[in-house]
Every structure is written in structure tokens, then in C-alpha cells.
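Subject: Structure for you to look at

Hi there,

Here is the structure I promised to send over.

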Amino acid sequence: MKRSNYTLIILSLWLTACSFGDDDGGNQELPFEVTIIPDITVQVGEVLNRPPGSDITDLVDFGQPSGVSSSDFTLEVQFGQRIIFDQPSSGLGLNQGILYSRLAFFEENPADSGVFDVPVDTLDIYGSLFDKSVADPGSGNAVEFQGDNNRSLSSFLNLEVIGQDNTEELEYKYEIEVAIYDDETVVGYYVIDPKLIVKAND
């Protein structure tokens with residue numbers, strides 16, 4: 001598809017020119033004063049050696065302390081804060097990048113303490129507790145993935161905490177579904193699953 005190729009070229013130029021942490025116009029419009037931007041690093045070469053569908057959490061680092069695995073790393077956010085998952089600061093080759101697709105949440109299994117494997121219906125949390133935004137389809141920060149009915153993928157993912165539970169902390173395991181942009185080819189999907197804790201205001 002000509003449009004898809006054109007979009008890939010734009011994304012390729014953008015990935016080459018951009019620097020980690022630069023806000024685009026969409027990010028600047030968000031009113032949140034506290035923004036958490038994890039310093040992501042990724043071993044892209046090792047990711048591409050794994051088949052699509054693989055869990056690549058062990059190949060992605062979120063800037064956590066030494067000795068803490070990504071699967072055990074917890075990001076803590078409060079009401080009125082946001083997290084921006086952006087492009088990795090290192091580990092990418094020329095014309096490579098991470099493309100964010102879907103975000104799924106899981107809560108703790110009441111019958112198995114510490115195991116987060118109970119799916120949470122996003123309709124129950126988006127618009128009430130969380131809101132998320134990605135690049136608009138057709139923009140320079142989005143690309144079509146022909147392997148998924150031309151689904152639009154984003155070079156960034158914003159997750160905003162717009163509500164809270166005043167009675168207790170809310171702890172979720174969340175999975176980020178991503179694809180890898182590799183020299184005008186989109187490969188995916190892969191799964192990354194760190195933890196997220198939402199703390200009620202003191």
C-alpha cells in the first residue's frame with residue numbers, strides 16, 4: 001500500500017531525528033503537572049530472535065535499580081499523574097523503534113496471593129480511573145501494521161490517572177503489547193509486563 005509505505009518512511013525519519021523524552025504537541029497539551037517517563041532500554045536484536053507472541057519483559061529495562069527485574073519492577077503513580085512510555089534511550093539500531101499497540105490490565109487472584117492473572121475489563125477503568133492516549137492514525141508518530149488489518153500503532157503511549165479509590169491502594173499487573181519497527185518492517189506482537197500501583201492521595 002502506497003500510504004503505508006509513505007507512513008513508514010515518515011516514521012523512519014522521525015525515529016532517526018527524534019531524541020528520547022522530547023514532547024510532541026499532543027503531550028504538551030495534557031494538563032498533568034507530574035509526568036513519569038521511564039528510561040527504557042531494549043535489546044532489539046534479542047527481541048527479533050524471538051517469535052511474535054513472546055514475552056520480552058526480560059529484554060526491556062525501565063531504569064529500575066540494579067538487581068530488580070522488569071517483571072518485578074513497580075511504577076507508582078497517584079491521582080493527577082501520568083506515565084509516558086516513549087522510545088528507548090538505548091538499544092535501538094538505525095531505523096528501529098518500539099510501536100505501542102494495546103494495554104491490558106490484570107488484578108490479583110484472590111485464590112493465589114501475589115499472582116496477577118485476573119483480567120480487568122478496560123471499560124471499568126478507562127474514563128473512570130485511567131485514560132490513555134496514543135498517536136493519531138496517519139500522523140508522523142503512527143504507523144500501520146499490515147499484519148493486523150492495518151491497525152495503527154503508536155511511537156508513544158500516555159497513561160493518565162484521572163480517578164482514584166480513596167479506600168485503598170490499587171495494584172495492577174499490566175501488559176503492554178508492542179511491535180518492533182525494523183528498517184521499514186513491522187514485526188510483532190510482543191508482550192512486556194511490569195507492575196503498576198495506583199496510590200490514593202494522602
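Ser 71 is in contact with Thr 57, Lys 173, Asp 193 and Lys 195, once its neighbours within four places in sequence are set aside; contact here means heavy atoms within 4.5 Å. The C-alpha atoms of Ser 71 and Thr 57 are 6.3 Å apart, although 14 residues separate the two along the chain. You will find Ser 71 in the loop between β3 (60-61) and β4 (74-78). Ser 71 counts as partly exposed because its relative accessibility is 31%. For burial, I use buried for under 20% relative accessible area, exposed for over 50%, and partly exposed in between (1.4 Å probe, protein chains only).

Before going further, a word on the source: this is a predicted model, in which local features need pLDDT of at least 70 and side-chain atom pairs count only at pLDDT 80 or more, while totals for chains, interfaces and linings use all residues. Residues are numbered from 1 along each chain as its sequence is written, and side-chain values use heavy atoms, with hydrogens and water left out.

Now the overall picture. The secondary structure of the chain comes to four helices and 14 strands; helices (H or I, at least four residues) and strands (E, at least two) are DSSP runs, numbered from the N terminus. The chain has 202 residues, and 43% of them count as buried. Among contacts between residues at least 6 apart in sequence, 71% join residues at least 24 apart. The chain exposes about 10100 Å², of which carbon and sulfur atoms supply 46% (Shrake-Rupley method, 1.4 Å probe; for residues, only the protein chains shown count as cover).

Next, the interior. In soluble globular proteins, nonpolar side chains tend to be buried together. By nonpolar core I mean a set of buried Ala, Val, Leu, Ile, Met, Phe, Trp, Tyr and Cys residues joined through side-chain atoms within 4.5 Å. The largest such core has 31 residues, and the members that touch the most others are Phe 85, Tyr 100, Phe 105, Phe 130, Ile 176 and Val 178. At least two residues of this core come from each of α3 (44-48), β4, β5 (81-85), β6 (96-109), β11 (157-161), β12 (170-182) and β13 (185-192). Which strand gives the most to this core? That is β12, with five residues. Apart from this core lies another, of eight residues, including Leu 99, Phe 145, Leu 153 and Tyr 189. Beyond its neighbours within four places in sequence, Tyr 100 has contacts that include Ile 40, Phe 85, Leu 153, Phe 156, Ile 176 and Val 178.

The structure holds six aromatic pairs, where rings of Phe, Tyr and Trp (its six-membered ring) pair if their centres lie within 6.5 Å, and planes under 30 degrees apart count as stacked, over 60 as edge-to-face and the rest as tilted. Phe 62 and Phe 73 are stacked, because their ring centres are 6.5 Å apart and their planes are at 25°. Both Phe 62 and Phe 73 are buried. Phe 105 and Phe 130 are stacked as well, with centres 5.0 Å apart and planes at 10°. Phe 105 lies in strand β6 and Phe 130 in strand β8 (residues 130-134), so this pair ties together parts that are 25 residues apart in sequence. Phe 105 and Phe 130 are both buried. Ring pairs link Phe 62, Phe 73, Phe 85, Phe 105, Phe 130 and Tyr 174 into a cluster.

Last, the charges. How many salt bridges does the structure hold? There are three, a salt bridge being a side-chain nitrogen of Lys or Arg within 4 Å of a carboxyl oxygen of Asp or Glu. Arg 50 pairs with Asp 58, with the closest N and O atoms 2.8 Å apart; Arg 50 is partly exposed at 27% relative accessibility, whereas Asp 58 is exposed at 52%. Arg 102 forms a salt bridge with Asp 148 at 3.1 Å between the closest N and O atoms, and another with Glu 177 at 2.5 Å, N to O. Arg 102 in strand β6 and Glu 177 in strand β12 are 75 residues apart, so the pair links distant parts of the chain. Arg 102 is partly exposed, with a relative accessible area of 34%, while Asp 148 is buried, at 19%. Together, Arg 102, Asp 148 and Glu 177 are linked in a network of salt bridges.
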